[in-house]
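Subject: Handover of a structure

Dear colleague,

Please find the structure below, followed by a summary of what was found in it.

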Amino acid sequence: MTPSREGARIALAVGAALVLGFAVMACVSDQPWAAFRALVTGPLPSIERAADGHLVMRRLVRFGAWLQDATTLTLVGLAVAIPFRARQFSLGADGQLFMGALAAAAVSLGLGGVPAVVALPLAFLAAALGGAAWGLLPGLLKTRFEANEIVTTLMLNVVAVQVYRLVVGRVLNDPTAGFITTPPLPDVATLAPLIARTNVTAMALVAPAAVAAALFLLRRTTLGYEIGLAGANPWFAARAGVPVARATALAFALGGAFAGLAGFHVSNALLKRLPVDLTPGIGLEGIVVALLARERVAALPLAALGYAYLRVGAQAMERTTDVPREVVLVIQALIILFVVSDRLVPLALGLARRAGARIRGAA
Amino acid sequence: MTLDLVAAGTLAAVLAGAALRAATPIVFASLGGLVSELAGCVNVALEGVMLVAAFAGVVTSAYSALWFPDAPLWLHPWLGCAAGLAAGTALAGLLAVFHLELGADLIVAGIGLNILAQGLTVLLMAHLTGDKGSTASLASFALPSLRWPGVDGVPVLGVLLNGEGGGGHNVLVYGALVATGLTAWALRHTVFGLRLRATGENAQAALAAGLPVKRLRYAGLLLSGLLASGGGVFLGMGYLTLFQADMAAGRGYLALAAVFLGGRQPLGTVAAALVFGAASVAAARLGLLAVPAEVVFMIPPLVTIAALVLVRLHQRRTARRRAAAGRAALLSPQRT
C-alpha cells in the first residue's frame, strides 16, 4: 500500500476509535461534550489579548507536557520498532527505561564536581548503556535458549522495577527528603528548559535526532541490513551467511539503548531526581507508537506527537470533567485493534458499497 | 517426635493449600493458553480475559442481589459466575474475530484487548462505584467452598482437605483440577482434540485433509477464553470477594509462560502453573523474614526465566542423547 493510502487508513482508524471513545464517554459521563472538548483541545496553549494589547500565551505548561511526552514516546517507540525489524516483539521498554534512568541518576550523583560538558555526556552514555544491557538480556535469552521474548521481556520488566526500587530506596536514598527518593541531581547533570516553566529541554531535539540515527543505522549500515534480513527471512539470511542470532540480539540491545535514553529524559530532564514510586507502563505505550507508525521508523516522531496529544488531552479532561483518564486506554486499545486489522477498511467499504447498491436498486 | 511430625505435616498442608489457591487462576489461564496455542493461535489476551471475567462476575453478583431481592442467596454468586464466564469468552471471541476475520496480528490484537479490558473495567468501576481502586463498596458474593465431612478431627488430612480454618476450598479450586483432567483427556482422546492439535501442528495439511481450520481456531480461542474466565471469576469471587483495578496482575502472561515451560503438554503446563503458585506463596512467606520486599518480588519472574532456560537445556540434552543412542544402535554390529 502506498504511504498516502496507509496514512489515510490510519487516520480513518484513529477517527473511528475517537468516535467509539466518545460513545463510551457519553455512557459514563454527564458532560460528554465538555469532556470531549477537553480531550481534543487540552494540550493546546491558548492565546489571549491582554488588557494592554499584548498577546499572552496561556497554558504553556500543558503544551510543554505534550512535547515532553512526545519525546519519551518517540524514544520508547524506537525501543519497540527496532527489535520489530528483526520480527521480535519486545515489550521490555519499561524495564530498559527504568535501568537507563537509574544508570543516569547514579552517574550524575556519583560524579561530583565536574563541569556540565563532562557530566551530561557521561550520564547520557550511562543511560544508553544501562538500557542496552537490559535489552541485550532478552535478546540473548531468545537467541541462545529460544526463550519466548514476550514472556522474558515482561518478566525482566518486573525485575527491573524491583531493582530500581531497591537501589533508590536503599542505596541512593536521600534521608532528608520527606519521601523515598534520590537526592536532587546536581545542576551540572540536568538539562535546562528551552521553554520557560516547562521541562521541554534539548531532549526534545535529541528524540528526532535519535530517529535519524536509527534510520541511518537500519538503512546504511551492515548491521541494519542484517537486522532487516533476519526479520524478513531468517532461514534465507542464515543460508546467506548472515549472523542471524547476533543481529537479533543486537536489535534488542539497540532498542534498549533508546529506551535507556528515554530514562535519561525522565531522570535528568523531567524529574531531576528519582522517586521510588516512578510509575511503570510508559514502555508499553511504545507499542502503540510503533504500531501507529506502521513499522516506518521515520514516522515515529509524528505518531508520538499524535499519541502524546491524546494522553495530555486525557489528563486535562480528567482534571476538568468527571471522565476518568482511563477512557484513553479504551481509545488506545481501539486504535491498536483498528490499525492492525488489515481487512477492516476494505470490508467496511465493501459493505457500504453493497448497501448503497441495494438502496439504489430499491429506488 | 510424632507431635513434631504432625506439626510439620500440618504446616506442609497449609502451604500446599495456599499454593493451590494461588495457583488456581494461573492453572485455569494456562489451560486456556494451552488450548489456543495447540490450535495454532497464541492467546496473549488471557490477562484481559481474566480481568473482564472477574469484573463481570463481581458486578453481576452484586447487582443480582439488588435486582432479584427475593431470589435465594445461593443464586447470586452463580449468576455472577455465569456472567463472568460469558464476558471473558466474549472477549476471546472478539480476539478471534479480529484475528481470523479482519486479519489483525494475533499478538498485537491480544495486547490491544488487554489494554481495552484494563481501561473498560476501571472506567465502568468508576462509573458504578465512584471509586477507581476497587469495588469494595459493592456487596458482591463469593462462590461457595466445598467441605469434606468427617475429616475435621484427622490431623494432617483435615487441614489439607478443608483448609487452615476448616472452611473448605473454593469450588473453583476443585474446578481447576477438574478442568485440568478434562482438558488433558479431551486433547488426547477425542476427535475434536486431535483435529485441534492438527490445526496447530500444520494448518496447510489440516486444510488439505478437509478440516475446517478456521472454525477449529475459533473453537480453540473461545475455549481458551472460557477456561481463562474461570481463573478470572476465581480471582474476584473466591481468592478475594471484590474486583480491584488490574486484578490479574500479570497472571495471564505468567500463564503463557507456563504453557511454554510445560512443553505445550497439559500436565506439564499445569505443573508449571503450580510452581508459579508455589513461588508466589514462598515469596509471601519470605516477606515475613528480613528479606527486602523488592527481592521477594523478583523471585517469580526470575524463576520463570530460569525455568524457561533450564527446560530448553534439558530438551537439548535429551535430543542429543537420543541422537547418540540412535547412532550407537546403527553402528553396533549386532543389528538385525
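Among contacts in chain B between residues at least 6 apart in sequence, what percentage join residues at least 24 apart? The figure is 75%, where contact means heavy atoms within 4.5 Å. For chain A, residues 24 or more positions apart account for 74% of the contacts with a separation of 6 or more.

Please note that this is a predicted model, in which local features need pLDDT of at least 70 and side-chain atom pairs count only at pLDDT 80 or more, while totals for chains, interfaces and linings use all residues. Residues are numbered from 1 along each chain as its sequence is written, chains are lettered from A and ligands numbered from 1 in the order in which they are written, and side-chain values use heavy atoms, with hydrogens and water left out.

Chain A

Chain A contains 14 helices and two strands; helices (H or I, at least four residues) and strands (E, at least two) are DSSP runs, numbered from the N terminus. The C-alpha trace of chain A spans about 80 × 75 × 35 Å along its principal axes. Its radius of gyration is 22 Å, which agrees with the value near 21 Å that a compact globule of 363 residues would have. This radius is taken over C-alpha atoms, and the globule rule is 2.2 Å times the number of residues to the power 0.38. Of the 363 residues, 52% count as buried, that is, under 20% relative accessible area (1.4 Å probe, protein chains only).

A helix pair in chain A

Helix α3 (residues 60-85) of chain A packs against helix α12 (residues 300-320) of chain A at an angle of about 135 degrees, and their axes lie 7 Å apart. Axes are lines fitted to C-alpha atoms, for helices over the stretch in contact, and angles run from 0 to 180 degrees between N-to-C directions. α3(A) and α12(A) are therefore oblique to each other, a class that holds the angles left over once those under 35 degrees (roughly parallel), over 145 (roughly antiparallel) and 65 to 115 (roughly perpendicular) are set aside. The residues that make the contact include A:Trp66 and A:Leu73 of α3(A) and A:Tyr307 and A:Arg311 of α12(A).

Chain B

Chain B has 12 helices and two strands, in the order α-α-α-α-β-α-β-α-α-α-α-α-α-α along the sequence. The radius of gyration of chain B is 22 Å, close to the 20 Å given by the globule rule for 336 residues, so chain B is as compact as a globular protein of that length. Buried residues make up 49% of the 336 residues in chain B.

Yours sincerely

Technical notes:
Buried means under 20% relative accessible area, exposed over 50%, partly exposed in between (1.4 Å probe, protein chains only).
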